[in-house]
Amino acid sequence: MKRLVVVESPTKARTIRRFLPKDTYRIEASMGHVRDLPASASEIPAKLKNKPWARLGVQVENGFEPIYVVPKDKKKIVKELQAALKEADELYIATDEDREGESIGWHLLEVLKPKVPVRRMVFHEITREAILGALDHTREIDASLVDAQETRRVLDRLVGYTLSPLLWKKIAPKLSAGRVQSVAVRLLVMREKERIAFVPASYWDLKAILREKGQNFEATMTHYAGIRLATGRDFDPDTGMLKDGLEAGKDVLLLSEAKAKDLAETLPGAPWRVSDVNIRQQKRSPYAPFITSTLQQEASRKLNLSARRTMQVAQKLYENGFITYMRTDSTNLSQEAVDAARRTVGERYGNDFLSPKPRVFSGTVRNAQEAHEAIRPAGTAMKTADELKLSGMEARLYDLIWKRTVATQMADARLRLVTAQIEAGAGDEISTFRASGKTIEFPGFFRAYVEGSDDPDAALEDRDNPLPELKKDDTPTCKSVESVGHETKPPARYTEATLIKVLEKEGIGRPSTYASIIDTIEHRGYVTRDGRALVPTFTAFATTNLLEAQFEQLVDVGFTADMERILDDIAAGERKPTVFLRNFYAGDAGLEPKVEEALDKIDARSISTISFPQWGEFVVRVGRYGPYAEGEIEGEKVTASVPDGALPADLSPEKILELLQAAEAPDHVLGIHPDADLPILVREGPYGPYVQLGDDDEKKPKRMSLPKNLGPDEVTLDQAIQLLSLPRTLGTHPDDGQVIKANIGRYGPYVQHNRTFASLTASDDIFSVDLERALALLAAKNKKSSALRVIGQHPETGEVVEVWEGRYGPYVKHQRTNASLPKGRAPEAITMEEAVELLAARKAKKGGGRRRKKS
């Protein structure tokens with residue numbers, strides 16, 4: 001009997017082939033979904049194009065039935081699968097077990113229309129035992145899971161395709177809205193507003209270095225004359241003053257800089273006495289094994305990986321049979337995994353480090369989905385990364401998962417915490433200091449895993465900070481006292497890790513969507529990065545203004561989490577999707593009527609206005625060509641472009657005034673061009689300073705950016721004339737006789753031949769660079785623009801697949817799709833199968849979308 005097994009990816013297929021006999025099992029990959037909602041108008045079936053809902057790809061007048069099409073790039077795959085099915089006696093759908101995988105499997109059945117028996121096999125890990133076990137315990141496609149995934153897909157299409165055109169009309173083109181992405185953007189904007197509104201407060205305390213029993217230790221002043229010193233938590237972040245209910249001098253003491261310095265001089269000579277010692281024991285239990293979101297957070301902290309990169313590496317580990325399925329919100333471990341982890345603890349660390357009984361973890365994620373297993377090493381051997389011969393980032397991420405899993409079955413860590421109160425001085429003006437110490441009496445699971453640290457042993461040393469053995473009435477020696485000034489800090493910006501943590505806590509989105517959410521809001525210009533921090537742009541503020549004004553529910557955290565619960569109900573078969581979708585889209589307060597209302601009601605100018613009390617009367621508006629500042633100078637309204645890349649937090653009243661004054665200032669006329677007999681002006685634009693030939697009355701006056709090393713106050717008339725003479729013709733290329741030119745663009749000076757542009761180096765001069773140098777620069781650029789190697793012909797299209805060297809490392813290229821190579825993967829070692837998989841994953845990400853249709 002011949003059996004056809006269909007999975008999503010070539011890597012997964014290759015791994016499963018190792019476990020099943022070739023003569024009876026044929027394993028093929030669908031390359032993800034084989035059907036989707038139409039991606040463009042050209043994909044909409046001709047008979048439906050005149051329907052008012054056609055652009056949505058959803059039949060809103062017919063029970064919200066989706067329109068599904070087979071994309072061009074999937075038609076060859078479908079034909080191959082159909083041909084393979086003709087030779088099979090049974091069809092096994094072996095896609096992932098989550099809603100997405102169930103949906104992929106359902107679509108395959110809808111397209112292939114098999115006439116042979118169909119079996120759905122599911123597994124959490126790709127090992128011989130798991131695959132053979134799955135073959136013996138097959139089931140049918142779960143229609144409820146498919147309904148839930150389809151509802152999510154339709155919901156996201158309705159929101160995106162209905163709201164985005166409104167953003168284009170009211171704010172700026174090319175913007176997008178999304179059911180979850182817009183909530184994420186709002187969270188970032190709300191945090192940035194808190195930061196901008198924040199008023200810092202200053203306070204002082206003292207730090208003493210004391211010595212007792214031959215050991216130095218540190219103590220911090222907490223009280224003076226019996227009154228607690230103010231700390232950061234005592235101040236109102238909006239005013240910088242003490243919070244309501246706190247009276248200075250009675251409830252808390254604001255120590256002045258002068259008083260702090262005076263005490264720092266006098267206290268070293270005062271008597272010091274330990275007034276109290278408190279000792280307590282503390283236990284720390286290991287963290288739950290990884291789920292998708294906690295893996296993304298920890299990989300960000302420890303390995304500096306983005307959520308997207310974490311999932312790419314984890315997918316590779318899963319499909320190669322090294323870890324269990326990586327999209328899960330269950331902290332459950334199978335009995336086999338618990339036994340394997342406990343055996344590993346005993347062998348590697350000793351039985352003293354083993355927990356008295358197996359640990360079981362309950363999930364804390366709101367709306368947790370199907371009960372998968374937690375992310376852990378696959379199989380029961382619990383091999384290390386070295387034993388599996390893993391390398392690069394795959395080894396590092398696997399090691400993280402291995403340590404976290406093993407730690408779950410280790411003993412609690414036991415800590416001894418000591419707090420000592422120490423008084424200095426005498427009479428009514430006693431200064432009270434506090435010293436804290438910590439000793440790890442038994443490291444327990446710390447020996448294998450310390451959250452946020454790559455090296456558990458080093459982390460243990462850092463965490464061990466013991467005090468000397470202090471007793472009441474001890475008189476330590478004061479070595480020094482230092483006055484320390486503090487300033488309160490605004491709330492920290494979100495990083496990928498902290499944003500994912502909030503989304504997970506509030507039940508917004510799904511673990512599998514977090515990476516794509518962050519990618520989307522960054523790609524659409526809603527956020528930029530400052531180190532690891534995600535910083536919202538002016539566009540994010542304007543978009544959030546509109547959504548809060550007209551669609552408050554849609555960007556409300558609680559409402560979005562409620563929608564996730566409804567999707568869970570659909571997945572459990574407890575709710576039908578049609579009524580929910582009808583109310584959401586066409587109800588009295590539904591999406592469609594709210595958008596129609598917004599088209600008439602919302603004033604584009606006011607909704608795209610951003611202001612803060614600190615800015616006074618100044619505002620920034622987001623227009624079709626980017627943000628611009630607006631304000632009055634001497635009774636006249638003035639506008640000025642906000643510099644490219646500037647963020648709301650970068651602007652102050654002084655900076656805005658400077659921009660407006662520069663825009664209002666009379667043009668700086670360098671002189672008259674000798675040939676054109678027109679004035680040459682120096683101006684400031686959104687991309688920097690430039691010179692212009694003639695005033696704005698001229699039709700398309702010639703402009704040229706100033707080089708980075710030449711400021712607007714330094715440029716001379718002769719230099720401006722030279723700049724306006726650009727581009728320079730250097731000669732013709734010896735190969736084709738085409739002209740080579742030198743010019744200055746937005747990113748600096750360059751030479752050009754046909755469509756090849758090569759930047760000049762810091763040692764090159766735009767006005768003296770010659771043909772020979774230009775040819776050398778162009779040759780070097782062309783060399784970089786040549787493929788490192790040709791892998792071969794793509795199995796689907798027959799077109800060439802190549803490896804290229806890019807700005808951020810090597811990548812594979814096929815037609816218009818580029819996909820980066822995994823870190824540490826040598827270009828010469830990449831196979832066609834791996835290249836096809838990378839390209840398919842990249843294309844799926846670019847195209848977006850998940851798919852399905854009702855039976």
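**Reading salt bridges in a predicted model**

Modeller: Let's begin with one residue in this predicted model: Glu 212 has a relative accessibility of 13%, so Glu 212 counts as buried, the cut-off being under 20%.

Biologist: Which residue meets the side chain of Glu 212 in a salt bridge?

Modeller: That partner is Lys 213, with N to O at 3.3 Å. Lys 213 is partly exposed, at 47% relative accessibility.

Biologist: Which residues do salt bridges with shared partners join into one network?

Modeller: Arg 152, Asp 156, Arg 179 and Glu 564.

Biologist: Happy to! How far apart are the closest N and O atoms of Glu 564 and Arg 152?

Modeller: They are 2.9 Å apart, and the pair forms a salt bridge. Glu 564 sits in helix H16 (residues 557-571) and Arg 152 in helix H5 (residues 143-170), so this contact ties together parts 412 residues apart in sequence.

Biologist: Is Glu 564 buried or exposed?

Modeller: Glu 564 is buried, with a relative accessible area of 0%. Arg 152 is buried too, at 6%.

Biologist: And where do Asp 156 and Arg 179 lie?

Modeller: Their side chains meet in a salt bridge, 2.8 Å from N to O. Asp 156 belongs to helix H5, while Arg 179 is in the loop between H5 and helix H6 (181-197), so the pair links parts 23 residues apart in sequence.

Biologist: What about the accessibility of Asp 156 and Arg 179?

Modeller: Asp 156 is partly exposed at 31% relative accessibility, whereas Arg 179 is buried, with a relative accessible area of 2%.

Conventions. Residues numbered from 1 in each chain as written. Predicted model: local features only at pLDDT ≥ 70, side-chain atom pairs only at ≥ 80, totals over all residues. Heavy atoms only, no water. Salt bridge = Lys/Arg side-chain N within 4 Å of Asp/Glu carboxyl O. Helix = DSSP H or I, 4+ residues; strand = E, 2+ residues; numbered from the N terminus. Buried < 20%, exposed > 50% of the residue type's maximum accessible area, 1.4 Å probe, protein only.
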